[in-house]
Amino acid sequence: MLTGEAVVFDWMKRRIQPLQARGSLGFQYQGTADPSRYSKEEISDDVAFSQMQRLLRNVKKVPIVPNTFSAVNLPKQVLDKNSQYVEIEYFTIV
């Protein structure tokens, strides 16, 4: 299950500012070379967790981040037979 804590932790690890202007969608993330990163340096889980704890209250452990979409892990495209549009599979954050 994807939680808010997992999303925040993933942003911290990817070093992405969530409200910044972006040139691509989040699932097109390209790793350390992605232009949406504010730093190309990697950070440890411990550092990302520490940053997340300053942002969110009552987080006791590093959250489990499911396999998120990226440039190498694209979401499955689903074609609605009654439409000319392509729908992209998505998930709900709880």
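Student: Among contacts in the chain between residues at least 6 apart in sequence, what percentage join residues at least 24 apart?
Tutor: A contact requires heavy atoms within 4.5 Å. The model is predicted, and local features need pLDDT of at least 70 while side-chain atom pairs count only at pLDDT 80 or more, whereas totals for chains, interfaces and linings use all residues. Residues are numbered from 1 along each chain as its sequence is written, and side-chain values use heavy atoms, with hydrogens and water left out. Among contacts between residues at least 6 apart, the share joining residues at least 24 apart is 55%.

Student: In what order do the elements of the chain run from the N terminus?
Tutor: Elements are DSSP runs numbered from the N terminus, helices being H or I of at least four residues and strands E of at least two. The chain has 2 helices and 2 strands. Their order is α-α-β-β.

Student: Which element is included in what covers the buried residues of α1?
Tutor: The buried residues of α1 are Ala 6, Val 7, Val 8, Phe 9, Asp 10, Met 12 and Arg 14. Their cover includes α2.

Student: Is Tyr 38 buried or partly exposed, and with what relative accessible area?
Tutor: Tyr 38 lies in the loop between α1 and α2. Apart from residues up to four places away, Tyr 38 touches Arg 15, Ile 16 and Gln 17. Tyr 38 counts as partly exposed because its relative accessible area is 40%.

Student: In which element of the chain is confidence lowest?
Tutor: The predictor's confidence in each residue is its pLDDT, from 0 to 100, and the chain averages 79. Confidence is highest in α2, at 90. Where pLDDT is low, the predicted coordinates should not be read in detail. The lowest mean, 56, belongs to residues 86–88, strand β2.

Terms used:
Buried means under 20% relative accessible area, exposed over 50%, partly exposed in between (1.4 Å probe, protein chains only).
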